[in-house]
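Subject: Structure for your review

Dear colleague,

Please find below the structure that I am handing over to you. My notes on it follow directly after.

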Amino acid sequence: MKKNHVEVWDNCLRVIKDNIHYQSFKTWFEPISPLKLENNVLTIQVPSQFFYEWLEEHYISLLKKTISKELGAEGRLEYSIIMDNSVNSKSPYSIKVPTSNKKDTKNPAVSMPIDLNKGKSRDIPNPFIIPGLKKLNVQSQLVDSYSFENFVEGDCNRLARSAGYAVAENPGRTAFNPLYLYSNVGLGKTHLAHAIGLQVKSNFPNQTVLYVSAEQFIAQYIDSVRNNNQNDFVHFYQMIDVLIVDDIQFLAGKEKTQDVFFHVFNFLHQKSKQIIITSDKPPVEMKGMEPRLLSRFKWGLAADLQIPDLETRIAILQKRLYNDGIEMPYEVIEYLAYSITTNIRELEGALISIMAQSSLNKKAITLDLARQMIDKFVKNTSREISIDYIQKVVCDYFNLPLDVINSKTRKREIVQARQLAMYFAKKHTKSSLATIGMHCGNKDHATVLHACRTVNNLVETDKQFRTYVDELDKKIKL
Ligand code: ADP
Ligand code: MG
């Protein structure tokens, strides 16, 4: 019985798989689909011209062997290449690349285009002369202050940080390739990505590290298309040892750029070069990205950066102040850290505003000044009401120091403030009773439930208490 194209290709794949590295197999052979088998010519579909060239350059003898084993001496291979969307066609179309007529001397029956010099003498243009890319070659675009040293460690970033550190010690040789860092804005992705790049440069001065934002990558690609030097563009990126692409989500919907990035990615990964990607979402939640690209993002490690806890926020502010040689009363630092909870960039922004205010008006940095600033700051940014914020409002209202809520004190007024904080946290946040308890003096959910009941009872029976609650409620919602 005659075999069909799928069976033939399956058999080939089985042999190929045994002969090459697993990762190479995944990269270069899994994306291929067999199209047809006619007159002893097997046609396989490859995702792009680049793919085709790569196969021809690196796997030609293996392919030849397996094809002739399957189809006999007369067997031929033909590629069908999916072309990028052209301007006026919406769906990808294919062009056929027939095998060349050049005969291979060793195995004359199988004819395939082979250029023995390919690869050896391939002339990679000197990237220093690529117009528009000059700057990248002189510098890695890394910001010195975004170092590991300046990156405060906390529970929120421990995994990502240690993975990043491992990568910097051993770029391209850990299981974390690509290293995919994700989080909401302002939580340290860019900082950490730079830190890895800086550390690689200090560990391995000969490695070429490049930091590029996805937006820059897109702009450069568009330029290269306009100037008709896409090959230079691709070759340039293929020479990087550690490639950092920040905010990859901007590639969404940009199919051509994704395609080019896909090739760069494969090339670098294949050569055990390190790739670091940041994004605002985990790979599974990315929209507008080609599945084959997303699947590659999952090869390594995806680690997220979470909202830092109070302690980490304070440590971050202290580090900033220390680096800038500025002193600030601890209560002000604490106040800031309490007030701005979900975005480190905003936290630093508030710090800077306070310093600017104090120096402009020659006022000392006091809690009062901080309060005024923060009130403006926090009001201007639409924020979710956090448990920390509620605690701050409650403590301010009763003129209590901020940390009493978390203390063990059983003084009546403090117990009451704690109960109010719990009550408002239940009312205004989506946090569970257990979470609220944990944030309010490490209590359990039953204590929180009890607090809510107590407050409700008091509101109904105690007029003065009801006034407190109403006023507090207004302040919290402000
Ligand atoms: P993202 O890229 O996630 O939007 P950034 O890396 O730009 O966030 O971080 C925002 C700001 O917060 C930067 O100034 C950065 O230095 C600072 N930052 C973030 N995380 C930390 C940290 N763990 N320690 C010190 N500073 C941090
Ligand atoms: Mg960023």
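A helix is here a DSSP run of type H or I with at least four residues, and helices are numbered from the N terminus. In that sense, Glu7 belongs to helix H1, which covers residues 5–19. Please note that this is a predicted model. Glu7 has a relative accessible area of 35% and is therefore classed as partly exposed.

The ligand site

The shell around ligand 1 consists of 18 residues, of which Val152, Gly186, Thr190, His191 and Glu348 come nearest. By class, 7 of the shell residues are nonpolar, 8 are polar and 3 are charged. Two helices, H7 (189–203) and H14 (344–360), each supply at least two residues of this shell. Ligand 1 lies between domain 2 (158–304) and domain 3 (310–477), because both domains give residues to the shell.

Three contacts to oxygen atoms of ligand 1 may be of use to you. A polar side-chain atom of Glu348 lies 2.6 Å from a ligand oxygen, and a polar side-chain atom of Arg345 lies 2.8 Å from a ligand oxygen. From the backbone, an N or O atom of Leu187 lies 3.2 Å from an oxygen atom of ligand 1. On its own, ligand 1 has 560 Å² of accessible area, and the protein covers 93% of that.

Asp241 sits in the loop that runs between helix H9 (230–238) and strand E7 (242–246). Is Asp241 buried or exposed? Its relative accessible area is 14%, and the limit for a buried residue is under 20%, so Asp241 counts as buried. The side chain of Asp241 reaches the backbone nitrogen of Thr208 at 2.7 Å. A polar contact of 2.9 Å also joins the side chain of Asp241 to that of Lys273.

Cysteines

How many disulfides does a search of the whole structure find? The search finds 0. Cys395 is in no disulfide, and the nearest cysteine sulfur, that of Cys440, is 9.6 Å away. With a relative accessibility of 0%, Cys395 counts as buried. Cys452 is likewise in no disulfide; for Cys452 the nearest cysteine sulfur is that of Cys440, at 9.8 Å. Cys452 has a relative accessibility of 10% and therefore also counts as buried.

Backbone geometry

The peptide bond from Asn177 to Pro178 is cis, with omega near 5 degrees. Pro178 is found in the loop between helix H6 (158–169) and strand E5 (179–182).

Asn40 is not a glycine, yet has a positive phi of about 65 degrees. This residue is placed in the loop between strand E1 (33–38) and strand E2 (41–46). Asn40 is partly exposed, its relative accessible area being 28%.

Asp247, which is also a residue other than glycine, has a positive phi near 60 degrees. Its place is in the loop between E7 and helix H10 (255–270).

With kind regards

How values were computed:
Residues are numbered from 1 along each chain as its sequence is written. Chains are lettered from A and ligands numbered from 1 in the order in which they are written. This is a predicted model: local features need pLDDT of at least 70, side-chain atom pairs count only at pLDDT 80 or more; totals for chains, interfaces and linings use all residues. Side-chain values use heavy atoms; hydrogens and water are left out. A residue is near a molecule or strand if one of its heavy atoms lies within 4 Å of it. A polar contact is a pair of N or O atoms within 3.5 Å; within protein, one must be able to donate a hydrogen and the other to accept it, and residues adjacent in sequence count only if both atoms are side-chain atoms. Accessible areas come from the Shrake-Rupley method with a 1.4 Å probe; for residues, only the protein chains shown count as cover. Ala, Val, Leu, Ile, Met, Phe, Trp, Tyr, Cys and Pro count as nonpolar, Asp, Glu, Lys and Arg as charged, and the others, Gly among them, as polar. Domain bounds come from an automatic or database domain assignment. A disulfide is a pair of cysteine sulfur atoms within 2.5 Å. Buried means under 20% relative accessible area, exposed over 50%, partly exposed in between (1.4 Å probe, protein chains only).
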